Amino acid sequence: MKSASGKRASNSARSLVIIGGGSAAFSAALKAAEIGAHATIINDGLPMGGTCVNVGCVPSKALIRAAEVLHRAQRPPPFAGIATSGRLLDFKAVIEQNRALVKELRQAKYADVIGDNPNITFIKGRGRFVDAKTVEVDGMKIRGDALLIATGARPRVPTIAGLDKVNYLTNETAFELDALPESLLVIGGRYIALECAQMFARMGSKVTVLQRSERVLPDETPDLTEAITGYLREEGLEIVTGVKLLHVTQEAEQVVVETRVSGAPQTFRAQRILVATGRAYNTENLGLENVGVQTNPDGSAKVSETLETSAAGIYAAGDVLGENMFVYTAAYEGALAVENAFNGANRKRDYAALPWVIFTDPQVAGVGLDEKQAAMQGIETDVAMLPLSHVPRSLAARDTRGFIKLIRNRATDQLVGARILAAEGSELLMEIALAIKFGITVRELTSCFHPYLTLGEGIKLAALAFSKDIGKLSCCAA
Ligand SMILES: Cc1cc2nc3c(=O)[nH]c(=O)nc-3n(C[C@H](O)[C@H](O)[C@H](O)COP(=O)(O)OP(=O)(O)OC[C@H]3O[C@@H](n4cnc5c(N)ncnc54)[C@H](O)[C@@H]3O)c2cc1C
């Protein structure tokens, strides 16, 4: 077989054909090559590397950091005797630098990684199943011993009258703007919406978030969502909840959105509108009907615990599954699917102690169950809630926004989950993830040294808070 890049496939006995070319696909291809099989990646739509490197993790997090630098310079923590100032000189230059980083990482982490690997072929084109062993791309039929659907997801655009007539932004266009919008309406209240909203607000846009539910991050407990809402409002973002969107129109230089907020009519205007209302799964036009692959009612690919679809020998991985949509889970699933397809591993996917982060500032970070989820599973829990005003590191940094919340199984003293709201709070997650995964008890956790003054010390203090009044402890006393 001759590839689009001119490479010749090896004569491996086993072959894998992957539709999609993002993180799940690359991880699967590398695993296949590692075990001596040949993988063909067929990608179209987004450039090589898919969502994360091109229009997701990388451009968003780099811009969030740039906006944070500006914000800290303009509104530094209150250290006496120090004055700073910052201003946005050239938004286009910020975007151009971001674009260069995306290009660099796409090359280094995707193109170069498959490079001249004779066991991986990359084809640019749209893949479609012909039968249970064959995928067609641009009239070329490619046979595989196993097939993998790794087509990911795209922005889900809600049906709102008039929206299709305005030039709305999504994560595929918002990080590529030439000019900073003077004002921005953000539709949605989950992680992509909040990260983008704060980033644009810190760059200097007047941002209004319009969220349908009564709370942003509605799947989290109210303490967390109320706190992050408060911090965002303190920075000047307008956050409106309970919004029913009725109609969108373009009037001269402004987008006008007619809504009902808690039943009362209200109109919002801004220069641009950003739609961040979830993800739609790329399962259309794949010829799934030709091979008997079933989808869930929301369009995501239906798979077993071993990631096999309803068609034997056809697997699916990554965002197209519609669950745990992170780049590290996509990569995990891609590799697992290959092990199950070729090594007969029959290993079940396991998301126990899965950490996740929302890159607002303060960050929202979680792992395992919250107290509500634990109760739904019939686990009796205790909750320790430690405001950061008790953490020496936060006091020294003069940034005590947020808290650390630990949830333990009352019967076993083992942690079942944590929720953290803290600047750089995501850096605290892995200690708890390990504790959950390996059954470390709260008592054992508190017996470990935690250096003074680190944010990590907050984990020990939160663990101590299960049994002690933290306000009455001396420095580092356990
Ligand atoms: C704004 C944003 C920020 C994010 N930030 C983070 C973060 O900080 N950390 C994190 O862990 N995750 C983050 N994510 C999620 C992460 O990007 C995704 O979970 C991950 O990229 C999914 O990888 P995937 O391989 O499943 O799909 P994708 O990367 O979407 O790849 C699928 C590829 O298949 C192509 N394709 C679709 N149909 C076909 C077809 N028929 N033929 C050929 N090709 C096709 C698509 O165009 C695409 O190139 C973010 C996502 C977004 C949108």
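I count as a cavity a set of points, on a 1 Å grid over the protein atoms alone, where a 1.4 Å probe fits but cannot get out, whereas a pocket is an open set with protein on both sides within 12 Å along at least five of seven lines; lining residues have an atom within 4 Å of a point. Grid points are joined across faces, edges and corners, and a volume is the space filled by probe spheres set on the points.

I note that this is a predicted model, in which local features need pLDDT of at least 70 and side-chain atom pairs count only at pLDDT 80 or more, while totals for chains, interfaces and linings use all residues. Residues are numbered from 1 along each chain as its sequence is written, and side-chain values use heavy atoms, with hydrogens and water left out.

**Cavities**

I looked for cavities of 30 Å³ or more and found 2 of them. The largest cavity has a volume of about 50 Å³, and its lining includes Ile 64, Glu 68, Glu 195, Arg 202 and Phe 359. The elements that give two or more residues to this lining are α3 and α5, and α5 gives the most, with 4 residues; I take helices (H or I, at least four residues) and strands (E, at least two) as DSSP runs, numbered from the N terminus. By class I read 4 nonpolar, 2 polar and 4 charged residues in the lining of the largest cavity, where Ala, Val, Leu, Ile, Met, Phe, Trp, Tyr, Cys and Pro count as nonpolar, Asp, Glu, Lys and Arg as charged, and the others, Gly among them, as polar.

The second largest cavity holds about 40 Å³ of space, and I find Pro 155, Asn 171 and Arg 279 among the residues that line it.

**Second largest pocket**

I then turned to the second largest pocket, whose volume is about 430 Å³. Of its 20 lining residues, Arg 65, Glu 68, Arg 72, Ala 423 and Glu 424 lie nearest its centre.

**Ligand site**

Which residues come nearest to the ligand? Of the 41 around it, I list Ala 24, Asn 43, Asp 44, Thr 51 and Asp 319, a residue being near if one of its heavy atoms lies within 4 Å of the molecule. The largest share of this shell, 4 residues, comes from α2, and the shell has 18 nonpolar, 18 polar and 5 charged residues.

I looked next at oxygen atoms of the ligand: a polar backbone atom of Ser 23 is 3.0 Å from one, a polar side-chain atom of Lys 61 lies 3.0 Å from one, and a backbone N or O atom of Phe 326 lies 3.4 Å from one. Taken alone the ligand exposes 1,000 Å², of which the protein buries 96%, with accessible areas from the Shrake-Rupley method and a 1.4 Å probe.

**Tyr 351**

I place Tyr 351 in the loop between α8 and β18 (355–358). Leaving aside neighbours within four places in sequence, Tyr 351 is in contact (heavy atoms within 4.5 Å) with Asn 324, Thr 329, Tyr 332 and Glu 333. The side chains of Tyr 351 and Glu 333 are joined by a polar contact of 2.5 Å, that is, a pair of N or O atoms within 3.5 Å, of which, within protein, one must be able to donate a hydrogen and the other to accept it, and residues adjacent in sequence count only if both atoms are side-chain atoms.
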